[in-house]
Amino acid sequence: VQLQASGGGLVQAGGSLRLSCAASGSIFAINAMGWYRQAPGKQRELVATITPGGTSIYVDSVKGRFTISRDNAKNTVYLQMNSLKPEDTAVYYCNADIKTARFQSQYAYWGQGTLVTVSS
């Protein structure tokens, strides 16, 4: 199983970016999918998660600015980031809880990370 993230880049404060993360490989089912971020010198933190049914949660600092969504048919999760701030600068990692067979436990898989830089 692999998670391939894309969409990071350099943007000015107030701008927007859209991150994508596609899961591929031997997948039986995907439960929660989400995005985390790690800024320089800081611990990795949860940004947002979404269930297969579309229920989402966000860290307070991004509420009203970021929107997480997913396409279950494509095994893909998205993060639309609007009104970006310099403090959003970080490496963003996608995460998915995946079962590779019906009677196996689910495991957390991680993407490779994509850098988002917001200039002031």
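Here is a walk through the structure above, from the overall build down to a few single residues.

First, some ground rules: this is a predicted model, where local features need pLDDT of at least 70, side-chain atom pairs count only at pLDDT 80 or more, and totals for chains, interfaces and linings use all residues. Residues are numbered from 1 along each chain as its sequence is written, and side-chain values use heavy atoms, with hydrogens and water left out.

Let's start with the secondary structure. The protein has 11 strands and zero helices, where helices (H or I, at least four residues) and strands (E, at least two) are DSSP runs numbered from the N terminus. Read from that end, the order is simply β-β-β-β-β-β-β-β-β-β-β. The radius of gyration is 14 Å, close to the 14 Å from the globule rule for 120 residues, so the protein is as compact as a globular protein of that length. That radius is taken over C-alpha atoms, and the rule is 2.2 Å times the number of residues to the power 0.38. Along its principal axes, the C-alpha trace spans about 50 × 25 × 20 Å.

How is the chain packed? Of the contacts with a separation of 6 or more, 55% are between residues 24 or more positions apart; contact here means heavy atoms within 4.5 Å. Of the 120 residues, 37% count as buried, meaning under 20% relative accessible area, with exposed being over 50% and partly exposed in between (1.4 Å probe, protein chains only).

Now for the inside. The largest nonpolar core has 28 residues, and Trp35, Val47, Phe66, Leu79, Met81 and Tyr92 touch the most other members. Such a core is a set of buried Ala, Val, Leu, Ile, Met, Phe, Trp, Tyr and Cys residues joined through side-chain atoms within 4.5 Å. Strands supplying at least two residues each include E1 (2-6), E4 (29-38), E5 (45-50) and E9 (90-99). E9 gives the most, with five residues.

Take Val47 as a way in. Leaving aside neighbours within four places in sequence, Val47 is in contact with Trp35, Tyr36, Arg37, Ile57, Tyr58, Val59, Val62, Phe66, Leu79 and Tyr92. Thr49 sits in strand E5 and counts as buried at 19% relative accessibility. Beyond residues up to four places away, Thr49 touches Met33, Gly34, Thr55, Ser56, Ile57 and Ile68.

Over in strand E1 you'll find Gln4. With residues up to four places away set aside, Gln4 touches Ser20, Cys21, Ala22 and Gln112. Gln4 and Arg44 are 40 residues apart in sequence, and their C-alpha atoms are 18 Å apart in space.

Most residues other than glycine have a negative phi. Asn75, however, has a positive phi of about 55° although it is not a glycine. Asn75 is in the loop between E7 and E8 and is partly exposed, with a relative accessible area of 24%. Ser83 also isn't a glycine, and its phi is positive at about 50°. You'll find Ser83 in the loop between E8 and E9, and at 41% relative accessibility Ser83 counts as partly exposed.
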